[in-house]
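Visitor: I would like to go through this model and ask what stands behind each label. Please set the values against the cut-offs.

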Amino acid sequence: MRNLLEAHGLTKSFGGVVANRDVSFTLEEGLIVGLIGPNGAGKSTMFNMLSAVFPPTTGEIKYKGQRIEKMSSYKVCELGISRTFQNLQVFKNMSVLENVMVGHHSRTKSGMLAAALRFPSAKKEEKIILEAAMEQIKFVGLEDLYDVNAGSLPLGKLRLLELARALATKPELLLLDEIAAGLNHIETLEMSELIKRIRNKGISIFVVEHDMDLVMGICDKIIVLDQGMKIAEGTPKEIQNNEKVIAAYLGEEAEEKVEVIG
Ligand SMILES: Nc1ncnc2c1ncn2[C@@H]1O[C@H](COP(=O)(O)OP(=O)(O)O)[C@@H](O)[C@H]1O
Ligand SMILES: [Mg+2]
(Lines give C-alpha, C1' and ligand atoms only; values in the text may rest on other atoms or scores of the structure.)
(Ligands and ions follow the chains in the order given, each with its own letter.)
Protein backbone atom coordinates (compact mmCIF):
# COMPACT_ATOMS: atom_id res chain seq x y z
CA MET A 1 0.00 0.00 0.00
CA ARG A 2 1.38 3.37 -1.04
CA ASN A 3 1.66 6.22 1.46
CA LEU A 4 -0.43 9.09 0.19
CA LEU A 5 0.37 11.53 2.99
CA GLU A 6 3.10 11.53 5.63
CA ALA A 7 3.02 13.77 8.70
CA HIS A 8 6.38 14.05 10.45
CA GLY A 9 6.77 15.53 13.93
CA LEU A 10 3.96 18.04 13.66
CA THR A 11 3.87 20.58 16.45
CA LYS A 12 1.52 23.56 16.60
CA SER A 13 1.62 26.23 19.29
CA PHE A 14 -0.79 29.09 19.79
CA GLY A 15 1.11 31.45 22.06
CA GLY A 16 1.72 29.32 25.14
CA VAL A 17 -0.77 26.58 24.21
CA VAL A 18 0.71 23.55 22.47
CA ALA A 19 -2.25 22.15 20.52
CA ASN A 20 -0.23 19.39 18.80
CA ARG A 21 3.08 18.04 20.00
CA ASP A 22 5.41 16.01 17.77
CA VAL A 23 2.68 14.03 16.00
CA SER A 24 3.65 11.66 13.17
CA PHE A 25 1.48 9.32 11.09
CA THR A 26 0.81 8.20 7.54
CA LEU A 27 -2.34 8.05 5.43
CA GLU A 28 -2.24 5.07 3.09
CA GLU A 29 -3.86 5.05 -0.32
CA GLY A 30 -7.34 3.53 -0.37
CA LEU A 31 -7.89 3.53 3.38
CA ILE A 32 -10.26 5.30 5.72
CA VAL A 33 -8.13 6.66 8.56
CA GLY A 34 -9.78 8.19 11.62
CA LEU A 35 -8.42 10.75 14.07
CA ILE A 36 -10.14 10.69 17.45
CA GLY A 37 -9.58 12.04 20.94
CA PRO A 38 -11.41 13.83 23.73
CA ASN A 39 -12.30 17.53 23.55
CA GLY A 40 -9.23 19.74 23.34
CA ALA A 41 -7.00 16.84 22.21
CA GLY A 42 -5.86 18.77 19.12
CA LYS A 43 -7.97 17.15 16.39
CA SER A 44 -9.17 20.35 14.73
CA THR A 45 -5.68 21.81 14.83
CA MET A 46 -4.30 18.73 13.07
CA PHE A 47 -7.12 18.85 10.52
CA ASN A 48 -6.39 22.52 9.82
CA MET A 49 -2.71 21.78 9.20
CA LEU A 50 -3.50 18.96 6.76
CA SER A 51 -5.98 21.15 4.88
CA ALA A 52 -3.51 24.07 4.83
CA VAL A 53 -5.60 26.48 6.90
CA PHE A 54 -2.38 27.24 8.78
CA PRO A 55 1.15 25.76 8.75
CA PRO A 56 2.63 23.73 11.62
CA THR A 57 5.01 25.53 13.97
CA THR A 58 7.50 22.73 13.25
CA GLY A 59 7.31 19.49 11.29
CA GLU A 60 6.66 18.36 7.73
CA ILE A 61 3.67 17.21 5.71
CA LYS A 62 4.39 15.30 2.52
CA TYR A 63 1.70 14.50 -0.04
CA LYS A 64 2.87 11.97 -2.63
CA GLY A 65 6.41 12.86 -1.67
CA GLN A 66 5.94 16.61 -2.07
CA ARG A 67 6.20 19.02 0.87
CA ILE A 68 2.87 20.80 1.32
CA GLU A 69 2.93 22.21 4.86
CA LYS A 70 3.51 25.77 3.67
CA MET A 71 1.21 25.72 0.64
CA SER A 72 -2.07 27.64 0.35
CA SER A 73 -5.35 25.75 0.73
CA TYR A 74 -6.06 26.55 -2.93
CA LYS A 75 -2.82 24.89 -4.05
CA VAL A 76 -3.40 21.88 -1.82
CA CYS A 77 -6.86 21.46 -3.36
CA GLU A 78 -5.30 21.58 -6.82
CA LEU A 79 -3.00 18.72 -5.79
CA GLY A 80 -6.06 16.60 -5.00
CA ILE A 81 -6.88 17.16 -1.33
CA SER A 82 -10.42 18.30 -0.58
CA ARG A 83 -12.19 18.98 2.70
CA THR A 84 -15.54 19.54 4.39
CA PHE A 85 -16.21 22.04 7.16
CA GLN A 86 -17.50 21.28 10.66
CA ASN A 87 -19.38 24.58 10.68
CA LEU A 88 -21.00 24.11 7.30
CA GLN A 89 -19.87 26.70 4.78
CA VAL A 90 -22.71 26.71 2.27
CA PHE A 91 -24.15 29.69 0.43
CA LYS A 92 -27.67 29.85 1.84
CA ASN A 93 -29.19 31.87 -1.01
CA MET A 94 -27.87 29.53 -3.68
CA SER A 95 -29.38 26.25 -4.79
CA VAL A 96 -27.87 22.86 -4.02
CA LEU A 97 -26.62 22.64 -7.62
CA GLU A 98 -25.05 26.12 -7.53
CA ASN A 99 -23.31 25.33 -4.26
CA VAL A 100 -21.74 22.20 -5.71
CA MET A 101 -20.75 24.02 -8.91
CA VAL A 102 -18.91 26.64 -6.87
CA GLY A 103 -16.76 23.88 -5.43
CA HIS A 104 -15.94 22.67 -8.90
CA HIS A 105 -14.86 26.05 -10.25
CA SER A 106 -11.88 26.02 -7.91
CA ARG A 107 -10.31 23.26 -10.02
CA THR A 108 -11.11 24.49 -13.54
CA LYS A 109 -8.99 26.58 -15.86
CA SER A 110 -11.20 29.59 -16.42
CA GLY A 111 -12.09 29.86 -12.75
CA MET A 112 -14.90 31.67 -11.03
CA LEU A 113 -14.42 35.09 -12.61
CA ALA A 114 -14.49 33.82 -16.17
CA ALA A 115 -17.49 31.70 -15.32
CA ALA A 116 -19.29 34.73 -13.93
CA LEU A 117 -18.45 36.78 -17.06
CA ARG A 118 -19.44 33.87 -19.30
CA PHE A 119 -16.42 33.84 -21.59
CA PRO A 120 -16.79 31.28 -24.43
CA SER A 121 -14.19 29.01 -22.84
CA ALA A 122 -16.18 29.21 -19.64
CA LYS A 123 -19.43 28.26 -21.37
CA LYS A 124 -18.04 24.94 -22.53
CA GLU A 125 -16.61 24.31 -19.10
CA GLU A 126 -19.91 25.34 -17.56
CA LYS A 127 -21.66 22.38 -19.17
CA ILE A 128 -18.99 19.96 -18.01
CA ILE A 129 -19.13 21.42 -14.50
CA LEU A 130 -22.91 21.18 -14.44
CA GLU A 131 -22.82 17.53 -15.40
CA ALA A 132 -20.07 16.74 -12.91
CA ALA A 133 -21.96 18.56 -10.15
CA MET A 134 -25.17 16.65 -10.89
CA GLU A 135 -23.21 13.40 -10.82
CA GLN A 136 -22.02 14.14 -7.27
CA ILE A 137 -25.47 15.35 -6.19
CA LYS A 138 -26.91 12.04 -7.34
CA PHE A 139 -24.09 10.13 -5.67
CA VAL A 140 -24.93 11.60 -2.25
CA GLY A 141 -28.67 11.21 -2.88
CA LEU A 142 -29.73 14.85 -3.16
CA GLU A 143 -31.01 14.73 -6.76
CA ASP A 144 -34.61 15.51 -5.79
CA LEU A 145 -33.43 18.68 -4.06
CA TYR A 146 -30.94 19.99 -6.63
CA ASP A 147 -32.77 23.30 -7.23
CA VAL A 148 -33.80 23.91 -3.61
CA ASN A 149 -32.17 26.79 -1.73
CA ALA A 150 -29.44 25.46 0.54
CA GLY A 151 -30.75 27.74 3.30
CA SER A 152 -33.92 25.67 3.59
CA LEU A 153 -32.18 22.31 4.04
CA PRO A 154 -31.99 20.50 7.40
CA LEU A 155 -28.57 19.72 8.86
CA GLY A 156 -28.42 16.13 7.58
CA LYS A 157 -28.95 17.28 3.97
CA LEU A 158 -26.46 20.13 4.37
CA ARG A 159 -23.78 17.64 5.36
CA LEU A 160 -24.54 15.67 2.18
CA LEU A 161 -24.27 18.90 0.20
CA GLU A 162 -20.87 19.61 1.75
CA LEU A 163 -19.76 16.14 0.71
CA ALA A 164 -21.02 16.57 -2.86
CA ARG A 165 -19.15 19.86 -3.13
CA ALA A 166 -15.92 18.37 -1.81
CA LEU A 167 -16.28 15.46 -4.26
CA ALA A 168 -16.87 17.82 -7.18
CA THR A 169 -13.21 18.87 -7.03
CA LYS A 170 -12.31 15.24 -7.86
CA PRO A 171 -10.10 14.67 -4.82
CA GLU A 172 -7.73 11.78 -4.26
CA LEU A 173 -7.77 12.48 -0.53
CA LEU A 174 -10.90 13.66 1.25
CA LEU A 175 -10.63 15.25 4.69
CA LEU A 176 -13.86 15.09 6.73
CA ASP A 177 -14.25 17.33 9.77
CA GLU A 178 -16.79 15.93 12.29
CA ILE A 179 -19.05 14.97 9.42
CA ALA A 180 -21.55 13.26 11.75
CA ALA A 181 -21.82 16.10 14.30
CA GLY A 182 -25.48 16.81 15.04
CA LEU A 183 -26.75 13.86 13.01
CA ASN A 184 -29.22 11.40 14.52
CA HIS A 185 -28.54 7.67 14.75
CA ILE A 186 -30.04 6.76 11.37
CA GLU A 187 -28.38 9.68 9.58
CA THR A 188 -25.05 8.66 11.12
CA LEU A 189 -25.46 5.10 9.81
CA GLU A 190 -26.33 6.45 6.35
CA MET A 191 -23.30 8.73 6.47
CA SER A 192 -21.10 5.72 7.35
CA GLU A 193 -22.38 3.85 4.30
CA LEU A 194 -21.80 6.87 2.08
CA ILE A 195 -18.23 7.30 3.31
CA LYS A 196 -17.54 3.65 2.53
CA ARG A 197 -18.99 4.12 -0.97
CA ILE A 198 -16.64 7.08 -1.48
CA ARG A 199 -13.69 4.93 -0.42
CA ASN A 200 -14.85 2.23 -2.84
CA LYS A 201 -14.55 4.81 -5.65
CA GLY A 202 -10.83 4.83 -4.84
CA ILE A 203 -10.76 8.02 -2.79
CA SER A 204 -8.68 7.90 0.39
CA ILE A 205 -10.35 9.37 3.45
CA PHE A 206 -9.25 11.04 6.69
CA VAL A 207 -12.03 11.55 9.24
CA VAL A 208 -11.81 13.63 12.37
CA GLU A 209 -14.48 12.64 14.87
CA HIS A 210 -15.22 13.19 18.50
CA ASP A 211 -17.78 10.40 18.41
CA MET A 212 -16.25 6.92 18.59
CA ASP A 213 -19.14 4.97 17.07
CA LEU A 214 -18.93 6.24 13.49
CA VAL A 215 -15.17 5.86 13.47
CA MET A 216 -15.22 2.31 14.84
CA GLY A 217 -17.65 1.24 12.13
CA ILE A 218 -15.80 2.55 9.08
CA CYS A 219 -12.09 3.07 9.75
CA ASP A 220 -9.30 0.79 8.61
CA LYS A 221 -6.93 2.57 10.97
CA ILE A 222 -7.42 4.95 13.89
CA ILE A 223 -5.03 7.49 15.38
CA VAL A 224 -5.77 8.76 18.88
CA LEU A 225 -4.73 12.15 20.23
CA ASP A 226 -4.83 13.25 23.85
CA GLN A 227 -3.57 16.60 25.10
CA GLY A 228 -1.93 17.26 21.74
CA MET A 229 0.02 14.00 21.61
CA LYS A 230 -0.51 10.78 19.72
CA ILE A 231 -1.26 8.13 22.35
CA ALA A 232 -2.26 5.22 20.13
CA GLU A 233 -2.63 3.98 16.56
CA GLY A 234 -4.19 0.76 15.30
CA THR A 235 -7.26 -1.05 14.05
CA PRO A 236 -10.64 -0.20 15.63
CA LYS A 237 -10.40 -3.35 17.72
CA GLU A 238 -6.92 -2.51 18.99
CA ILE A 239 -8.02 1.03 19.82
CA GLN A 240 -11.14 -0.13 21.67
CA ASN A 241 -9.00 -2.29 23.93
CA ASN A 242 -6.17 0.20 24.38
CA GLU A 243 -5.82 1.20 28.03
CA LYS A 244 -4.42 4.67 27.33
CA VAL A 245 -7.36 5.39 25.04
CA ILE A 246 -9.91 4.12 27.54
CA ALA A 247 -8.30 6.23 30.27
CA ALA A 248 -8.33 9.36 28.08
CA TYR A 249 -12.04 8.99 27.27
CA LEU A 250 -12.95 8.03 30.84
CA GLY A 251 -11.05 11.08 32.03
CA GLU A 252 -13.20 13.21 29.78
CA GLU A 253 -16.40 11.61 31.07
CA ALA A 254 -15.30 12.27 34.63
CA GLU A 255 -14.66 15.92 33.75
CA GLU A 256 -18.11 16.23 32.20
CA LYS A 257 -19.69 14.81 35.37
CA VAL A 258 -17.81 17.28 37.54
CA GLU A 259 -19.13 20.08 35.32
CA VAL A 260 -22.70 18.86 35.78
CA ILE A 261 -22.34 18.55 39.54
CA GLY A 262 -20.26 21.67 40.03
N1 LIG B 1 -6.52 29.47 17.55
C2 LIG B 1 -6.22 29.02 18.78
N3 LIG B 1 -5.66 29.85 19.69
C4 LIG B 1 -5.34 29.40 20.93
N5 LIG B 1 -5.52 28.14 21.35
C6 LIG B 1 -6.07 27.27 20.49
C7 LIG B 1 -6.45 27.66 19.16
N8 LIG B 1 -6.98 26.56 18.53
C9 LIG B 1 -6.92 25.57 19.43
N10 LIG B 1 -6.39 25.97 20.60
C11 LIG B 1 -6.16 25.15 21.80
O12 LIG B 1 -5.47 23.98 21.38
C13 LIG B 1 -5.97 22.83 22.06
C14 LIG B 1 -6.49 21.83 21.03
O15 LIG B 1 -7.65 22.36 20.41
P16 LIG B 1 -8.39 21.65 19.19
O17 LIG B 1 -7.43 21.36 18.14
O18 LIG B 1 -9.56 22.51 18.84
O19 LIG B 1 -8.89 20.31 19.88
P20 LIG B 1 -10.11 19.32 19.48
O21 LIG B 1 -10.53 19.64 18.09
O22 LIG B 1 -9.54 17.95 19.65
O23 LIG B 1 -11.21 19.55 20.47
C24 LIG B 1 -7.03 23.33 23.02
O25 LIG B 1 -6.43 23.52 24.28
C26 LIG B 1 -7.44 24.64 22.42
O27 LIG B 1 -7.92 25.52 23.42
MG1 LIG C 1 -12.42 20.19 17.29
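Guide: A residue is near a molecule if one of its heavy atoms lies within 4 Å of it. The model is a predicted one. The residues around ligand 1 are F14, V17, A19, P38, N39, G40, A41, G42, K43, S44 and T45.

Visitor: Which elements supply at least two residues of the shell around ligand 1?

Guide: These are β2 (17-28) and α1 (43-50). The most comes from α1, with 3 residues. Sorted by class, the shell has 5 nonpolar, 5 polar and 1 charged residues.

Visitor: Why is α1 called mostly covered?

Guide: Buried means under 20% relative accessible area, and 7 of the 8 residues of α1 are buried, so the helix is mostly covered. The buried residues in α1 are K43, T45, M46, F47, N48, M49 and L50. Just after α1, A52 has a positive phi of about 65°.

Visitor: Is E178 buried or exposed, and why?

Guide: E178 has a relative accessible area of 12%. The cut-off for buried is under 20%, so E178 is called buried. E178 sits in the loop between β7 (173-177) and α7. The phi of E178 is near 40°, a positive value in a residue other than glycine.

Visitor: Why does Q227 count as exposed?

Guide: The relative accessibility of Q227 is 62%. Exposed means over 50%, so Q227 counts as exposed. Q227 lies in the loop between β9 (221-226) and β10 (229-234). Although Q227 is not a glycine, its phi is positive, about 50°.

Visitor: Why is N242 called partly exposed?

Guide: N242 has a relative accessible area of 22%. Buried is under 20% and exposed is over 50%; the value for N242 falls in between, so the label is partly exposed. N242 is in the loop between α9 (236-240) and α10 (243-261).

Visitor: How do you know that N242 and K244 make a polar contact?

Guide: The side chain of N242 reaches the backbone nitrogen of K244 at 2.8 Å. The cut-off is 3.5 Å, so the distance meets it. As for P171, 71 residues from N242 along the chain, the two C-alpha atoms are separated by 33 Å.

Visitor: What lines the second largest pocket?

Guide: The second largest pocket holds about 280 Å³ of space. It is lined by 17 residues, and the closest to its centre are H185, T188, D211, D213 and L214. The elements that give two or more residues to this lining are α7 (185-200) and α8 (212-218). The most comes from α7, with 6 residues. By class, the lining has 5 nonpolar, 6 polar and 6 charged residues.

Definitions and conventions. Residues numbered from 1 in each chain as written. Chains lettered and ligands numbered in written order. Predicted model: local features only at pLDDT ≥ 70, side-chain atom pairs only at ≥ 80, totals over all residues. Heavy atoms only, no water. Helix = DSSP H or I, 4+ residues; strand = E, 2+ residues; numbered from the N terminus. Buried < 20%, exposed > 50% of the residue type's maximum accessible area, 1.4 Å probe, protein only. Polar contact = N/O pair within 3.5 Å; in protein donor to acceptor, adjacent residues only side chain to side chain. 1 Å grid on protein atoms, 1.4 Å probe; cavity = no way out; pocket = protein on both sides within 12 Å on 5 of 7 lines; lining within 4 Å. Points joined across faces, edges and corners; volume = space filled by probe spheres on them. Nonpolar A, V, L, I, M, F, W, Y, C, P; charged D, E, K, R; others polar.
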